Amino acid sequence: MKKRVTGIGGLFFKTKDPNATKDWYKKHLGFNTDDYGCTFWWKDEAGNKCSTQWSPFPEDTKYYEPSKKDFMFNYRVENLHELLKVLKEEGVTVVGDIEEYEYGKFGYILDNDGNKIELWEPIDKAFL
């Protein structure tokens with residue numbers, strides 16, 4: 001497999017009040033927040049527009065399960081189906097099924113500490 005992870009797709013964390021957290025980051029750090037958090041735009045080596053998402057989640061979210069941590073990393077990948085197949089062969093725990101949306105494909109794994117990791121094969125142009 002040529003490439004596995006190609007970048008950071010997002011930083012997700014739990015907070016008592018997601019709206020207050022988004023407002024604080026907007027006021028003090030200039031984040032351009034919306035309902036989902038903040039999208040950072042950049043270009044890859046080929047000059048393609050790419051995004052990284054920053055999102056606070058409510059403390060009671062079940063989205064990170066089965067991990068018990070207050071955060072979840074999202075990594076950008078080149079070929080989700082192939083990567084999940086290889087990871088499974090390597091003994092990595094794959095969680096759930098691949099989900100497909102107009103903005104990309106998502107798969108989930110657990111790392112060696114039981115942290116849930118979201119793998120994203122993005123379609124960045126869906127956000128433009």
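Ser 51 has its place in strand β4, which covers residues 49-58; helices (H or I, at least four residues) and strands (E, at least two) are DSSP runs, numbered from the N terminus. This is a predicted model, in which local features need pLDDT of at least 70 and side-chain atom pairs count only at pLDDT 80 or more, while totals for chains, interfaces and linings use all residues. Residues are numbered from 1 along each chain as its sequence is written, and side-chain values use heavy atoms, with hydrogens and water left out.

With a relative accessibility of 3%, Ser 51 counts as buried, where buried means under 20% relative accessible area, exposed over 50%, and partly exposed in between (1.4 Å probe, protein chains only). When residues up to four places away in sequence are not counted, the contacts of Ser 51 include Ile 8, Thr 39, Trp 41, Arg 76, Trp 120 and Phe 127, a contact being heavy atoms within 4.5 Å. Asp 60, by contrast, is exposed at 59% relative accessible area, and its place is in the loop between β4 and β5.

### Overall fold

The protein has two helices and eight strands, which follow one another along the sequence as β-α-β-β-β-β-α-β-β-β. Its radius of gyration of 15 Å is close to the 14 Å that the globule rule gives for 128 residues, so the protein is as compact as a globular protein of that length; the radius is taken over C-alpha atoms, and the rule is 2.2 Å times the number of residues to the power 0.38. Buried residues make up 37% of the 128 residues, and of the contacts with a separation of 6 or more, 58% are between residues 24 or more positions apart.

### Helix α2 and the core

The largest nonpolar core has eight residues, namely Val 77, Leu 80, Leu 83, Leu 84, Leu 87, Ile 109, Ile 117 and Leu 119; such a core is a set of buried Ala, Val, Leu, Ile, Met, Phe, Trp, Tyr and Cys residues joined through side-chain atoms within 4.5 Å. Both α2 (80-89) and β8 (116-122) supply at least two residues of this core, and the largest share, four residues, comes from α2.

The buried residues of α2 are Leu 80, Leu 83, Leu 84, Val 86 and Leu 87. They lie on the same side of α2 because they cover an arc of only 165° around the axis, the arc being that of the directions from the helix axis to the C-beta atoms. Their cover includes β5 (71-77), β6 (93-101), β7 (104-110) and β8, whereas the face turned away from the buried side carries the exposed residues Lys 85, Lys 88 and Glu 89.

### Salt bridges

The structure holds two salt bridges, each defined by a side-chain nitrogen of Lys or Arg within 4 Å of a carboxyl oxygen of Asp or Glu.

| Salt bridge | N to O distance |
|---|---|
| Arg 4 and Glu 90 | 2.8 Å |
| Glu 121 and Lys 105 | 4.0 Å |

Glu 121 lies in strand β8 and Lys 105 in strand β7, so this pair ties together parts that are 16 residues apart in sequence. Arg 4 is partly exposed, with a relative accessible area of 35%, and Glu 90 is partly exposed at 48%.
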